[in-house]
Amino acid sequence: MKRELKVPGIAYGGDYNPEQWPEEVWAEDMRLMREAGVSMVSVGIFSWALLEPEEGAYDFSLLDRVLDLLHAHGIAADLATPTAAPPAWFFRAHPEALPVDRDGRRLSYGSRQTFCPSSPAYRAAALRMARALADRYADHPAVVMWHVHNEYGCHNAECYCDESARAFRVWLRARYGDDLAALNEAWGTRFWSQSYYDWDEILPPRATGAVPNPTHRLDWRRFCSDELLSLYEAERRVLLEAAPQTPATTNFMVMHNFDALDYWRWAPKLDLVSNDHYLQSTDPESEIDIALSGDLVRSLAGGPWLLMEHSTGAVNWQPVNRAKGPGELRRNALAHVARGADGIAYFQWRAAKAGAEQWHSAMLPHAGTDSQIWRDVVRLGADLRALAEVRGSVGTAEVAIVWDWNARWAMELPSQPSAEVRFQDLVRAWYEPLWRAGVAVDFVRPDADLSAYRLVLAPSVYLVDDEGAANLRGFAERGGTLAVGFHSGAVDENCHVRLGGYPGAFREALGIRTDELFPLLPGESVGLSGGGTGTLWSERVRLRGAESIAAYTTGPLAGVPAVTRHRHGTGVTWYLATLPDPATLAGLLDRVRTEAGVRPVRSTPQGVEAVLRRGPHADYLFLINHTDRPAHVAVAPDATELLTGKALPGSVSVAAGETAVVREPR
């Protein structure tokens, strides 16, 4: 049973850390939260040392006052279990709970997430804390949601200590049915004399003299994700026993720089999927990363979700942390809402004056209310109140992109044909032309139900099991259009090469066969017939029923097909044996989607993002103008612009850098 968040409209707020400030500041916080339109804040995330100053001795007096104060001012609380930051006394009592890195160094406490996920002492202490919180606050009127832990795996996704080794072996015995021969077969241990004759011989993939066994490393990544998931589930059970109707979440990190957890496995365990997303300062078009992340989180959630953390301005953890430009705070937030967020929250409410994140922006900055950030925060609060009716509406995609963490982990292991090929980069390269064209996109697992889609794109599915491969092939056989990127289908779920020619699991469905790979050097490119160039990759493709759409014109493979098209069953398959330059790739994907019958959400001028959410009685068209000039877009004759309340006579004008949200009744 999925439990719902009982906060009306689009929730708005951020992390609230009143323990960092004198109590006389709290009254001002309440007044300013009301002014900004804040409706929910996350509290207690890093308060373990305050709440339990010594083992078993709890002091909830400050938290009592904070929750009572929030309730008195009509602000809901997303109450966290503070287990992401164990206190110093815990590590003095249990130094064995500190994590060990791949080189065998035991790390020290003094920051956050400095614990081994497999530590029995940590698990016991975390569950005691969760139980104490649950028993005390299960019925508190301010508490509307549990925030379990914080950003699982952000700093300690992998621990290589002996306790982790024992837990890894337990996980492996369950995965392989307690059959050591099955593990040896899956890991290909006859290579380099790696056969195991006793479970106790198996260690985490610690630093070694040469390249590690790829399946060993892959299973380790799977184990680490599952081990952290088991911690979440254990805390969640404790909270559920005390408050069976209160929803729970934990904040994912679906963004450019995090890949530690298989969120397809995590998402079904959450009542509401929530996500943290931060911009990359070096990304000149970070709005594309926001869109990609939002679409992926909505797909994980199967509908609306919550943005648990974002930044109002600069973050503090990149080499250079840029401030946001005019209107960017608002555009970022409304882009998340456009792609399914039913709540917008920031780290954090009040900018810290001390500590590791003192230079991280906040809703109330160091400069106070006489600041552009504060004016933008207040304006956004008004915007979100105006969008209350959008809550619960869903997306409308006819295109799906295959995303799989196992494939990502496997492809980025050492000793690949090219270390230049990266999963995230390939997916974004294919996603970007669809974003520019205003085409709605979902993300799917390889084994997902694909019946709702006309077009499925698989830019990078290096690893795929038999079930997933059959599902993707079957989609085309039954009339869909499937486009596959290079080096896909190459290995099975154990990282074993699929023999007989590339691209392995898909070659017959694609009507081609490759006998040798020719990855390109950094900066190297090959010409393509019809214009354009290919980068990163090339391969010697032979047609086996497919037609050549474009061929290499330079290099050792001149004349060899680089892009192919094939009739498969009642559908069509495409194969891209290189990464075309952006303009060429955009043109190619435009042809693929047009032939598949996929149209954009709305025709808009270049640089104007169009996203549609569908409610039971109306469509909500989000138009985000990323350009420096006004844009005009046709809308329904009975439409209304929700942010201003103005009726629209068949078209809407969106000022430079601004956003419009149009209700079109159905």
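Let's start with how helix H1 passes helix H3: the crossing is right-handed, meaning that the near helix is turned clockwise from the far one by less than a right angle. Helices here are DSSP runs of H or I with at least four residues, strands are runs of E with at least two, and both are numbered from the N terminus. H1 covers residues 26-36 and H3 covers residues 61-72; their axes come within 11 Å and cross at roughly 30 degrees. Those axes are lines fitted to C-alpha atoms over the stretch in contact, with angles running from 0 to 180 degrees between N-to-C directions. The two helices therefore count as roughly parallel, a label for angles under 35 degrees.

Who makes the contact (heavy atoms within 4.5 Å)? From H1 we have Trp-26, Met-30 and Met-33, and from H3 Leu-62, Arg-65, Val-66, Leu-69 and Leu-70. By class that is 7 nonpolar, no polar and 1 charged residues; Ala, Val, Leu, Ile, Met, Phe, Trp, Tyr, Cys and Pro count as nonpolar, Asp, Glu, Lys and Arg as charged, and the others, Gly among them, as polar.

A quick word on the source, friends: this is a predicted model, where local features need pLDDT of at least 70 and side-chain atom pairs pLDDT 80 or more, while totals for chains, interfaces and linings use all residues. Residues are numbered from 1 along each chain as its sequence is written, and side-chain values use heavy atoms, with hydrogens and water left out.

Now to the inside. The largest nonpolar core has 174 residues, and among those touching the most other members are Leu-70 and Tyr-263. Such a core is a set of buried Ala, Val, Leu, Ile, Met, Phe, Trp, Tyr and Cys residues joined through side-chain atoms within 4.5 Å. Helix H5, residues 120-137, gives the most to this core, with 9 residues. Beyond its neighbours within four places in sequence, Tyr-263 contacts Phe-252, Met-253, Val-254, Phe-258, Leu-300 and Trp-405.

Is Ser-460 buried or exposed? It is buried, because its relative accessibility is 2%; buried means under 20% relative accessible area, exposed over 50%, and partly exposed in between, with a 1.4 Å probe and protein chains only. Ser-460 sits in the loop between strand S12 (455-458) and helix H15 (466-477).

Val-320 is exposed at 61%, and Ala-452 is exposed at 56%.

Methods: Parallel < 35°, antiparallel > 145°, perpendicular 65-115°, else oblique. Contact = heavy atoms within 4.5 Å.
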